[in-house]
Amino acid sequence: MKMKAAVLDAIGSRFEIREVDLAAPKAGEILVKIAASGLCASDLNAIDGKRKLVPFPAVIGHEASGVVVECGTGVTRIQPGDHVILSIVPHCGTCDYCISGRPNYCSTAGNAMGAGGLFDGTSRLSENGERLNHFLTVASFAEYAVVPESGAVVIPKEMPLDRAALISCAVLTGYGAVHNTAKVKAGSRVAVFGCGGVGLNIIQGARLAGATTIIAIDVTTEKLDLAKKVGATHIINATTNDPVAEVKSISGGVDYAFEALGREATIQQAWATVDVDGELILVGLLKNGATITLDAGPFVNEQSIKGCYFGSANLAKDVPSLVKSYLNGALFLDELISQRVDLQGLNSAFDRLRSGEGARNVLVFD
Ligand SMILES: [Zn+2]
Ligand SMILES: [Zn+2]
């Protein structure tokens with residue numbers, strides 16, 4: 001079929017909205033009409049080349065929701081008409097990682113993503129007979145996408161699709177970092193460095209976990225105001241205040257510090273705010289090949305550092321529970337959408353994301 005997609009020809013180029021071809025879903029794949037796709041830092045990292053995530057030319061976008069149109073052979077869990085959110089952690093079920101209970105590290109999916117294809121390495125996307133690559137097996141900056149069945153989770157129809165899209169990446173990552181990776185306990189003291197899409201969801205994850213002190217650190221007033229709305233008990237503007245000294249004076253040191261920016265300087269600051277026996281969780285993705293230097297002193301106080309990928313999310317368990325939390329008013333998503341854009345608005349929306357403006361821009365189709 002023919003469809004409109006935002007094509008990115010190379011690192012650093014601008015999106016061009018072009019008509020491309022999308023082949024029918026093969027066995028184990030589904031065709032989804034995209035409803036919404038949030039603009040995430042991982043998309044920006046691919047555009048700017050901070051991380052090499054996909055071969056070009058490519059269709060990117062991954063924080064998506066939509067309606068299933070067609071199912072390939074062997075698809076059993078999903079039917080046409082189902083509302084779904086798409087995910088960057090599909091799994092094959094048969095590789096060593098899947099068998100050992102770590103499907104988020106599925107090597108079939110990892111290899112497919114590196115090649116810019118679906119599980120068999122081939123692409124369903126093309127333009128004038130030339131291959132276009134799929135971003136992280138999702139490729140949702142387009143009217144339609146073909147994805148692996150395991151990369152989609154059915155959601156109830158009463159869940160609004162634009163807000164559902166946020167759950168598929170920013171919310172799962174932020175909430176998951178708190179609930180799955182760190183397992184934050186009620187009554188804890190928490191500091192969050194960086195209040196973008198993921199950081200704000202770390203904050204609300206901490207609120208839902210019953211943390212009593214939640215300190216948000218950012219450089220923009222707009223994001224700090226949002227941080228307060230979703231659960232921060234204290235905010236620190238790092239352009240005018242020393243975040244380490246401020247966090248110490250508010251809390252005496254925190255049980256959990258989350259870094260959501262992927263920058264050495266903020267990782268060092270976050271590390272310096274952790275109290276005895278506390279933990280630093282690295283949620284922000286660092287540039288390929290990056291190294292960090294840290295003060296080794298705190299290790300004697302049993303302070304530790306933990307990596308985090310995709311909030312250690314368990315799609316089958318976490319997605320239904322997050323949807324339920326939104327529908328019963330506990331999870332805030334409406335507040336996180338700063339702007340809705342169409343395909344033509346993608347370039348300027350990414351310029352806003354790059355300059356640190358707003359929480360989440362979301363691409364929507366009507
Ligand atoms: Zn993302
Ligand atoms: Zn696998």
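Analyst: In helix H7, which spans residues 243-251, Pro243, Val247 and Ser251 are buried. A residue is called buried if 20 or more other C-beta atoms lie within 10 Å of its own, exposed if 12 or fewer do, and partly exposed in between, with the C-beta atoms placed from the backbone. An α-helix has 3.6 residues a turn, so residues three or four places apart point the same way. On the other side of H7, Ala245 and Ser249 are exposed.

This is a predicted model, in which local features need pLDDT of at least 70 and side-chain atom pairs count only at pLDDT 80 or more, while totals for chains, interfaces and linings use all residues. Residues are numbered from 1 along each chain as its sequence is written, and chains are lettered from A and ligands numbered from 1 in the order in which they are written. Helices (H or I, at least four residues) and strands (E, at least two) are DSSP runs, numbered from the N terminus.

The buried residues of H7 pack against strands S12 (189-193), S13 (213-218), S14 (234-237) and S15 (254-259), and also against helix H8 (264-272); here two residues are in contact if their C-beta atoms, placed from the backbone, lie within 7 Å. H7 lies across S12, S13, S14 and S15, and runs at about 165° to S13, where axes are lines fitted to C-alpha atoms, for helices over the stretch in contact, and angles run from 0 to 180 degrees between N-to-C directions.

These strands belong to an open sheet of six, in the order S14-S13-S12-S15-S16-S17, with parallel pairing. S14 and strand S17 (304-307) are the edge strands, each pairing on one side only, and two strands pair if DSSP finds at least two bridges between them. From one strand to the next, the twist averages 20°.

After H7 comes Gly252, whose phi is positive, near 80°. Further along, S15 is joined by five bridges to strand S16 (residues 274-282), and the two run parallel; Tyr256 has Glu279 as its bridge partner in S16.
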